Amino acid sequence: MLRILAIAAMLAFAVPSLGLAEEHHEEHHPPGKPGGGPPPKGPPHGPPPGGHQFSYHGKMFNPVHGPAFVYPRGWEYRRWVVGGVLPPLFLVPAYFYAEYAALGLAAPQPGFQWVRYGPDLLLVNVTTGQVVETVYGAFY
């Protein structure tokens with residue numbers, strides 16, 4: 001009987017927490033001018049539809065429209081994090097990204113490279129493969 005009461009008490013505390021989590025809704029404002037109308041058109045190579053930007057060191061940047069990224073056989077998108085180790089397969093010039101300045105990124109220190117992995121850029125120690133910085137959504 002005590003076990004059933006303990007379970008009921010745990011559920012009583014958990015259910016309101018779940019309800020609060022579900023109640024959070026981000027406000028959605030339709031694009032374009034107040035009162036309707038189509039959204040403004042950007043330049044042909046501007047930000048992607050919807051105006052998504054990425055944040056890097058507290059600044060907002062427009063992603064770059066680049067060629068489609070082709071994953072090597074057996075690989076698919078994975079969200080790399082700082083401290084992760086990129087396999088040597090990606091530590092070759094074919095994956096290095098030299099146009100980092102166009103994104104507002106600093107030049108890598110000697111022994112490091114900006115590496116493109118799908119829509120993301122990773123600053124990687126090319127000796128160890130360790131990811132030391134990530135820029136998610138740099139490409140569309």
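Modeller: Rings of Phe, Tyr and Trp pair if their centres lie within 6.5 Å. This is a predicted model, and it holds 10 aromatic pairs.

Biologist: What makes Phe-90 and Tyr-95 an edge-to-face pair?

Modeller: Their ring centres are 5.0 Å apart and their planes meet at 65 degrees. Pairing needs centres within 6.5 Å, and edge-to-face needs planes over 60 degrees apart. Therefore the pair is edge-to-face.

Biologist: Why is Phe-90 called buried?

Modeller: Buried means under 20% relative accessible area. Phe-90 has 0%, so Phe-90 is buried. Tyr-95 has 14%, so Tyr-95 is buried too.

Biologist: Why is the pair of Tyr-97 and Phe-139 called edge-to-face?

Modeller: The planes stand at 85 degrees, and the centres are 5.0 Å apart. The angle must be over 60 degrees. So this pair is edge-to-face.

Biologist: What makes this pair a tie between parts of the chain?

Modeller: Tyr-97 lies in the loop between strand S2 (59-61) and strand S3 (112-117). Phe-139 lies in the segment after strand S5 (131-135). The pair therefore ties together parts 42 residues apart in sequence.

Biologist: How do you know whether Tyr-97 and Phe-139 are buried or exposed?

Modeller: The cut-off for buried is under 20%. Tyr-97 has a relative accessible area of 14%, so Tyr-97 is buried. Phe-139 has 5%, so Phe-139 is buried.

Biologist: How do you know that Arg-116 lies over the face of Phe-139?

Modeller: Arg-116 is at 4.1 Å from the ring centre. The distance limit is within 6 Å, and the charge must also be within 35 degrees of the ring normal. Arg-116 is listed as lying over the face of Phe-139.

Definitions and conventions:
Residues numbered from 1 in each chain as written. Predicted model: local features only at pLDDT ≥ 70, side-chain atom pairs only at ≥ 80, totals over all residues. Heavy atoms only, no water. Phe/Tyr/Trp six-rings, centres within 6.5 Å; stacked < 30°, edge-to-face > 60°. Buried < 20%, exposed > 50% of the residue type's maximum accessible area, 1.4 Å probe, protein only. Helix = DSSP H or I, 4+ residues; strand = E, 2+ residues; numbered from the N terminus.
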